[in-house]
Amino acid sequence: MSTDVIARLKQMATDPGRVWLVGGPTYGELLARTGQLANALISLGLRKGDRLLLQAEKCEAVLSLYLACLRTGVIFLPVNPGYTVAETEHFLRDAEPALAVTDPGRVEGLQALGARVMDLPTLLAQAEGRGDDYADPAHGPDDLAAILYTSGTTGRSKGVMLTRENLASNAEALVGLWRFTETDVLLHALPVFHTHGLFVATNCVLYSGASMIFQRAFQPAAVLAALPQATVMMGVPTFYTRLLSDPGLTRDATAHVRLFISGSAPLSPATHAEWQARTGHAILERYGMTETNMITSNPYDGLRRAGTVGMPLPGVAVRITGPDGEVLPQGEAGSIEVRGPNVFQGYWRLPEKTAEEFRDGWFITGDMGAVDAQGYLSILGRAKDLVISGGLNVYPAEVEAALDDLPGVAASAVIGVPHPDFGEAVVACLVAAPGAALAEEPVRVALRDRLAAFKLPKRVLILDDLPRNAMGKVQKAELRRIYSALFQGA
Ligand code: AMP
């Protein structure tokens with residue numbers, strides 16, 4: 001059993017000078033704030049097992065509130081502040097939070113939906129008037145810590161139920177693997193409503209007693225200015241591509257950093273190579289999802305292989321299965337399944353959906369992948385993004401890797417769209433690098449040497465941008481919708 005998040009926080013708070021946020025609270029002050037907030041939540045009538053929905057712009061209070069919920073046993077339910085009131089309605093109806101906490105501008109909208117709402121500044125002011133002594137009740141490792149909703153690009157967004165042990169076991173595994181110590185300073189520019197910024201980043205820091213430079217949003221100039229004080233940065237791939245287009249990114253600017261980590265979406269081997277050439281650092285790519293926390297990571301020592309997500313974390317098992325659930329031999333492409341203390345308890349109030357996504361205790365991630373002879377896992381894309389053209393499987397990730405390798409390609413997304421002859425046709429959507437000119441035919445010709453004929457895109461579309469979500473993930477369902485009639489009448 002792992003050390004609970006709050007037990008770890010209390011250990012860290014015994015050192016009076018230990019800094020939690022650079023320029024902000026120490027661990028001792030953080031613990032005191034969580035005590036005040038816990039007292040405020042209890043006085044508002046919240047009890048263990050109740051849900052607290054938080055929809056607020058990124059600020060340090062989000063983290064204090066997350067930890068205060070853990071202290072009380074109230075289930076923390078963060079929601080992307082970018083969602084409209086109409087979009088947030090689903091979470092209110094589904095999770096039935098005892099309290100919704102939000103920025104002042106959103107209070108009325110959420111009240112109109114019948115929720116009990118309090119604005120964040122009022123809650124913080126109430127907490128300040130309270131004592132910081134809070135007697136934590138006993139919690140078990142399987143108690144729910146948080147519900148995070150999936151980004152739900154297709155269908156209804158589902159509430160992912162995460163336990164205290166899910167979070168604790170993952171934090172301990174990552175701290176060891178990535179060598180976090182109390183001397184580390186993490187540059188945090190990720191959103192805090194998603195597993196990456198909320199759990200991976202925050203818990204690695206908390207479990208090692210490290211500090212954070214906490215930035216409200218990702219701004220390349222602010223990140224470059226802070227890197228000389230940071231030892232680790234965690235980012236989504238778009239952080240890295242945007243930093244690469246800034247001339248301020250140099251070997252000197254990154255000299256103080258010991259580790260750059262990427263995840264939440266595929267990092268192209270081209271970006272990995274460019275980053276290494278510019279800074280001398282090999283980005284460490286890892287793989288995870290809301291339901292499972294982190295699953296695999298490239299090694300700290302040893303080869304960080306571009307285009308792969310490395311090996312399973314200690315205590316986590318991964319297997320690749322075929323269409324009938326049979327376990328496939330090493331090297332073959334199939335469905336990625338995962339088992340371990342990191343895997344969630346199920347989808348909130350959806351027992352049938354939960355049952356469908358597990359096979360003999362293994363969670364079916366919905367991602368396709370293959371493991372090479374050295375044990376490195378490659379992600380080949382979401383199963384629902386697999387293109388079946390003329391009866392043959394085309395893995396979008398493979399075609400995207402070939403496209404990203406071409407000069408002048410800044411980003412690519414490969415989708416399947418209905419085709420009268422082939423069932424589905426491979427379509428490539430490309431964004432040109434600044435100053436580069438791309439055209440359909442030369443791209444198709446250039447791919448002929450690299451890919452079998454059935455994998456070649458039938459169309460290459462040059463776009464200004466790809467639709468992405470808050471984590472920088474390409475919204476393929478949106479692309480499929482836009483181009484669904486591309487071959488109609490063809
Ligand atoms: P989320 O639950 O929003 O974190 O999304 C999880 C999904 O993001 C996974 O199922 C993968 O499809 C994708 N993902 C996360 N990390 C990576 C990675 N390093 N490479 C490719 N896809 C990734």
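Tyr 83 is partly exposed, because its relative accessible area is 23% (buried means under 20%, exposed over 50%, partly exposed in between, with a 1.4 Å probe and protein chains only). Phe 91 has a relative accessible area of 4% and is therefore buried. This is a predicted model, in which local features need pLDDT of at least 70 and side-chain atom pairs count only at pLDDT 80 or more, while totals for chains, interfaces and linings use all residues. Residues are numbered from 1 along each chain as its sequence is written, and side-chain values use heavy atoms, with hydrogens and water left out.

The whole structure holds 13 aromatic pairs. Rings of Phe, Tyr and Trp (its six-membered ring) pair if their centres lie within 6.5 Å; planes under 30 degrees apart count as stacked, over 60 as edge-to-face and the rest as tilted. Tyr 83 and Phe 91 make a tilted pair, with 5.5 Å from centre to centre and 35° between the planes. Phe 344 and Phe 363 make an edge-to-face pair, at 5.1 Å centre to centre and 80° between the planes. Phe 344 counts as buried because its relative accessible area is 3%, and Phe 363 is buried because its relative accessibility is 0%. One aromatic cluster is formed by Phe 344, Tyr 347, Phe 358 and Phe 363.

Charged side chains also meet rings. A charge sits over a ring if NZ of Lys or CZ of Arg is within 6 Å of the ring centre and within 35 degrees of the ring normal. Lys 58 lies over the face of Phe 214, 4.6 Å from the ring centre. Arg 305 lies over the face of Tyr 376, at 4.2 Å from the ring centre.
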